Amino acid sequence: MPTRDGADRLLRRVVRDGGGWTVLLTVVALVGAAAELALPAALGLAVDAAVGGTASWWPAVACALVAGLLVTDILGDLAAGYGTARATLLLRRRLLRHLFACDVRTVRRYPVGDLVGRLVGQSADAGQAGTAVVFGVVALVPPVGSVVALILIEPLLGITLLGGLVVLAVLMRAFVSDASAAVTGYQRVLGGIAGRLLEALGGARTIAAAATVDPERDRVLAALPELRRYGSLGWRLLAQASARTAAVGPLLQAAVIAVGGYALTVGWLTPGQLVAAVQYAALGAGLGAVLATLHRLVRARAAASRIAEPLARPTRRYGDEALPPGRGELRLRGVEVHREDGRPLLRGVDLLVPAGSTLAVVGRSGVGKSTLAAVAGRLHDPDAGEVLLDGTPLPRLSPAALRRGIGHAFDRPVLVGETVHDAIGLALPPESADPPAGANPATAPVLAVTRAAQVADVVARLPDGFRTPLSEAPFSGGEAQRLGLARAFCAERVLVLDDAMSSLDTATEHRISQAVAEGAEGRTRLVVTHRAATAAAADLVAWIDDGRVRAVGPHRRLWADPDYRAIFTPAGDPR
């Protein structure tokens, strides 16, 4: 969990991110506050001039101050809107970049729906920090200025207003403390509901097939009473604070008016000064704007705390080295990976994948095969040990070199980009990833890998071919897997295929396997698989059992072990 200092540092940065708009808002708000303080004095002097029957410019000054207040309100709203939008944009960009730079395991600690809530809802709340801070500071100017003005008019009036303001300050401090806990709890529970909702939507077909809609709905909304409790508490606290302010404010004005009336009768005040005192009493006791600003600050600080939590997670460090000379030898040396609770996923893995060879990784579900594949391509780093590509530890490679050297394909790939061409060319260098102008809609590398992945015919049937937007290209599971394979084929040295052909029919899988084995231009292949045929076609098989490498060798030799054969036998099958 982030510390308060972490949330406060983030808020300070958000305030700075408002840039020139925050500066403009500060200037405009201060000018408006000054005009608001000057207006009662101008009205009082205008009244005294009228009572004395003398000509005066004070009525015109009062009108000018009112006009100035209108202008500052308009400019303030404009600056607040643009400043908040700019700060929110930068905060969301910072959070997204940080999440993408983090270890995959780090990001998986948070449900996707919860992260979306932080990115969308909490970022918007925290983005208002600059506006809230400026308005909060400026909102103190009228009460403080009113006390000073009343002391200058008559010290007893200033003391009366100051005493009431102290009482209101104590009430507001209690509101801030209680409301912070309520808002933080509300945002936390809401993030949990969003996470469960997204999980349910992802498994909508399974839920429908199992006829478990009602239980799943109850599971997603199980925390709704807690959410309601926090929400009701927050609004109740705000209502109570508003009621206290509304009750104390008029009493405070009445006290100032009573004291002012007495001062007028004994000759301490002129009629104009009494008018000014009444206006200052109303200005000083009207703390509704302060309460609203405090509520906004509470929401911004709670949101900043939620965002600061993932931002506090360490990111992966990269080197600046290019790909070393070699043909793709991959070596894992003493690799260990642990769960968050300390239990091992991989234990002391030593593995060599010779350059240009195919290594099949097999084993029961949950023994660490996908974790090994993720470590091999540096989707995340091991807790101990190291992974080397052609003798160079992966952390020493630059992001571009790592991206160019190692390609990944998964059982359920996510296609990223605007168009089909973008999705396939994601792993290509920028100069070769963009389709050229003219008749040819795709670069030569993208055409080559789509043919190798047996998906060129699918793209050709799309309305705009490679330029078809992904949102308008409904791919089946097998077609999406082939596009994911095509994206991985862009890598130069190593292909890491994590059960990447599970949704393909036998004939397509055979053709792709041939392309991977024969047409991959000597690239090294690490293939996580559950199929005996894929293991048999590999040069070597790494048998993973309980996080360790139990054996490495050709499939035909390992097949003599009945425990190895049992890996490929469905549960309950007596063979």
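Rings of Phe, Tyr and Trp, the last represented by its six-membered ring, are taken to pair if their centres lie within 6.5 Å. In the predicted model described here, five aromatic pairs are found by this criterion. One aromatic cluster is formed by W543, W559, Y564 and F568.

Among the pairs, that of W21 and Y82 has ring centres 4.7 Å apart and planes at 15 degrees, and the pair is therefore stacked, since planes under 30 degrees apart count as such. W21 belongs to helix 2 (residues 19-52) and Y82 to helix 3 (residues 58-101), so that the pair ties together parts that are 61 residues apart in sequence. Another pair, made by W559 and Y564, is edge-to-face, with 6.3 Å from centre to centre and 85 degrees between the planes. Within this pair, W559 counts as partly exposed at 35% relative accessibility, whereas Y564 is buried, its relative accessible area being 0%.

The model also contains an open sheet of six strands, which are arranged in the order 6-7-8-3-9-10 and whose pairing is mixed.

Strand 8 can be followed through its pairing with strand 7 and with strand 3. Strand 7 (residues 494-498) and strand 8 (residues 524-528) pair in the parallel sense over five bridges; in this pairing V494 stands opposite T524, and D498 stands opposite V528. Strand 3 and strand 8 also run parallel, and four bridges join them, with L526 in strand 8 as the bridge partner of L359.

The side chains of a regular strand alternate between the two faces of the sheet. In strand 8, T524, L526 and V528 point one way, while R525 and V527 point the other way, and all of these residues are buried. Strand 8 is accordingly described as mostly covered, five of its five residues being buried.

Helix 14 is mostly covered too, with seven of its eight residues buried, namely K369, T371, L372, A373, A374, V375 and A376. Just after helix 14, R378 takes a positive phi of about 60 degrees. R378 also lies over the face of Y318, at 4.7 Å from the ring centre.

How values were computed. Residues are numbered from 1 along each chain as its sequence is written. This is a predicted model: local features need pLDDT of at least 70, side-chain atom pairs count only at pLDDT 80 or more; totals for chains, interfaces and linings use all residues. Side-chain values use heavy atoms; hydrogens and water are left out. Two strands pair if DSSP finds at least two bridges between them. Helices (H or I, at least four residues) and strands (E, at least two) are DSSP runs, numbered from the N terminus. Buried means under 20% relative accessible area, exposed over 50%, partly exposed in between (1.4 Å probe, protein chains only). Rings of Phe, Tyr and Trp (its six-membered ring) pair if their centres lie within 6.5 Å; planes under 30 degrees apart count as stacked, over 60 as edge-to-face and the rest as tilted. A charge sits over a ring if NZ of Lys or CZ of Arg is within 6 Å of the ring centre and within 35 degrees of the ring normal.
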